[in-house]
Amino acid sequence: MTDLPKGIQSITSLPDEGLAEMWDSIIIEGDMRQRLVSQAVLNFSTRQNVSRTVLPLHGVIMLVGPPGTGKTSLAKGLANEAAAVFKGGQFKLIEVEAHGLTSSAMGKTQRAVAELFSQTIPELASSGPTIVLLDEVETLAVDRSKLSLDANPVDIHRATDAVLVQLDILAETHKNLLFIATSNFPEAVDSAFVSRCDLVLEVPLPNEKACRNILEDCLEGLGETYPKIAKLTKDPGFAACAALFIGLDGRKIRKTVANALASDTSVALKPDTLTISHLERAAQMAQQLRAPKGAK
């Protein structure tokens with residue numbers, strides 16, 4: 001296996017069957033999917049043909065929202081969908097390992113970030129259309145206005161400066177490049193980075209319909225191995241049970257189903273014996289853990 005450059009977690013040729021399945025499995029409301037795909041397609045179609053004085057596109061999309069809402073999966077799936085539109089375009093997805101760039105040694109973080117954006121990414125993008133995933137982008141572009149030079153090394157400030165400078169350069173020199181950033185804490189992302197985003201989209205907690213769809217999808221998936229579990233979606237009490245999951249993120253909904261399966265040793269041994277009551281109790285427990293301390 002070839003060693004990956006520093007700061008790069010993986011490189012995937014697109015389109016990819018696994019990412020296509022990931023995209024199909026994401027349950028989100030409204031026209032969010034179409035809006036994201038259209039923005040990504042615009043980046044690779046129109047951006048190369050129009051001056052930035054007319055359309056000041058930087059080639060950056062940012063997804064924000066609570067943990068567990070599927071931002072990273074959505075970003076990877078989006079990359080694949082965009083590539084699928086341009087058949088035979090030799091697209092690739094680069095996943096950045098932001099935490100691998102930080103160092104306690106003075107100047108090293110800044111140099112690593114600058115090298116990633118000024119050398120590594122351009123070199124990888126030189127062979128064809130490239131999509132770069134910046135997961136937890138607040139690690140790379142921390143809000144400088146909220147940092148204290150006494151408490152935070154100047155290197156952190158300079159690393160954010162390096163990201164911003166390089167984004168401007170790449171916007172001019174590599175119009176076949178698209179960054180998709182995610183953040184659980186958008187208030188921690190530097191405002192100058194946000195201003196460079198062509199689209200900032202919030203991925204909210206699932207609404208009532210989406211919660212029901214996620215729960216349904218989870219039970220039907222389990223039903224492929226344990227057929228009786230799939231029948232729970234037809235149970236007269238399913239709608240009321242699904243309502244107990246409102247307020248949980250998509251990941252937590254699926255983990256709560258796992259908690260229901262593990263709520264009793266007999267059910268853990270024979271998952272087909274899972275009932276609506278098991279799901280209800282697990283959902284109620286999840287809600288209790290979610291509630292702020294002291295809330296009633």
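Guide: Let's settle one word before we start: a residue is buried when its relative accessible area is under 20%, exposed when it is over 50%, and partly exposed in between. By that rule, buried residues make up 46% of the 296 residues in this chain. Keep in mind that the model is predicted.

Visitor: Fine. What does the chain have in the way of helices and strands?
Guide: There are 12 helices and 6 strands. The C-alpha atoms fill a box of roughly 60 × 50 × 40 Å along the principal axes. Among contacts with a separation of 6 or more, 79% join residues 24 or more positions apart.

Visitor: Why is Asn80 called buried?
Guide: Its relative accessible area is 3%, and the cut-off is under 20%, so Asn80 counts as buried. Asn80 is found in helix H3. Beyond its sequence neighbours up to four places away, Asn80 touches Leu14, Pro15, Asp16, Leu19 and Ala20.

Visitor: Pro15 is on that list. What makes the peptide bond from Leu14 to Pro15 stand out?
Guide: That bond is cis, with omega near -5°. Most peptide bonds are trans. As for its place, Pro15 lies in the loop between strand E1 (8–13) and H1.

Visitor: And Gln39, what is its class of burial?
Guide: Gln39 has 18% relative accessibility, and with the limit at 20% it therefore counts as buried. Gln39 is in helix H2 (residues 32–45). Leaving out neighbours within four places, Gln39 contacts Leu57, Ile61, Asp198 and Leu199. Along the chain Gln39 and Ala82 are 43 residues apart, and their C-alpha atoms are separated by 9.1 Å.

Visitor: What makes Glu136 worth a look?
Guide: Phi of Glu136 is near 55°, a positive value in a residue other than glycine. Most residues other than glycine have a negative phi. Glu136 sits in the loop between E4 and H5.

Visitor: Is Glu136 buried or exposed, or something in between?
Guide: Glu136 has 33% relative accessibility.

Visitor: Which residues touch the most other members of the largest nonpolar core?
Guide: Of its 33 residues, those are Phe117, Leu134, Leu140, Phe179 and Phe193. Strand E2 (60–64), strand E3 (92–96), helix H4 (108–125), strand E4 (130–134), helix H5 (154–173), E5 and helix H6 (191–196) each give at least two residues to this core. The largest share, 7 residues, comes from H4. Phe117 touches Pro122, Leu134, Leu140, Val163, Gln166, Leu167, Leu170 and Phe179, again without residues up to four places away. Apart from this core lies another, of 28 residues, among them Val37, Phe44, Ala82 and Leu201.

Visitor: How many disulfides are there, by the distance rule?
Guide: The count comes to 0 disulfides.

Visitor: Which burial class do Cys241 and Cys197 fall in?
Guide: Cys241 is at 0% relative accessibility, so Cys241 counts as buried. Cys197 is at 11%, and therefore counts as buried as well.

Visitor: Last one, the largest pocket. How do you find out where empty space is left?
Guide: Rolling a probe the size of a water molecule over the atoms shows it. Here, about 540 Å³ of space lies in the largest pocket. Of the 27 residues that line this pocket, the closest to its centre are Gly68, Thr69, Gly70, Lys71 and Ser73.

Visitor: What is the rest of the lining made of?
Guide: By class, the whole lining has 11 nonpolar, 10 polar and 6 charged residues. Helix H1 (17–25), helix H3 (71–85), strand E5 (177–183), helix H7 (208–223) and helix H10 (250–261) each supply at least two lining residues.

Note on methods: Residues are numbered from 1 along each chain as its sequence is written. This is a predicted model: local features need pLDDT of at least 70, side-chain atom pairs count only at pLDDT 80 or more; totals for chains, interfaces and linings use all residues. Side-chain values use heavy atoms; hydrogens and water are left out. On a 1 Å grid over the protein atoms alone, a cavity is a set of points where a 1.4 Å probe fits but cannot get out, and a pocket is an open set with protein on both sides within 12 Å along at least five of seven lines; lining residues have an atom within 4 Å of a point. Grid points are joined across faces, edges and corners, and a volume is the space filled by probe spheres set on the points. Helices (H or I, at least four residues) and strands (E, at least two) are DSSP runs, numbered from the N terminus. Ala, Val, Leu, Ile, Met, Phe, Trp, Tyr, Cys and Pro count as nonpolar, Asp, Glu, Lys and Arg as charged, and the others, Gly among them, as polar. A nonpolar core is a set of buried Ala, Val, Leu, Ile, Met, Phe, Trp, Tyr and Cys residues joined through side-chain atoms within 4.5 Å. Buried means under 20% relative accessible area, exposed over 50%, partly exposed in between (1.4 Å probe, protein chains only). Contact means heavy atoms within 4.5 Å. A disulfide is a pair of cysteine sulfur atoms within 2.5 Å.
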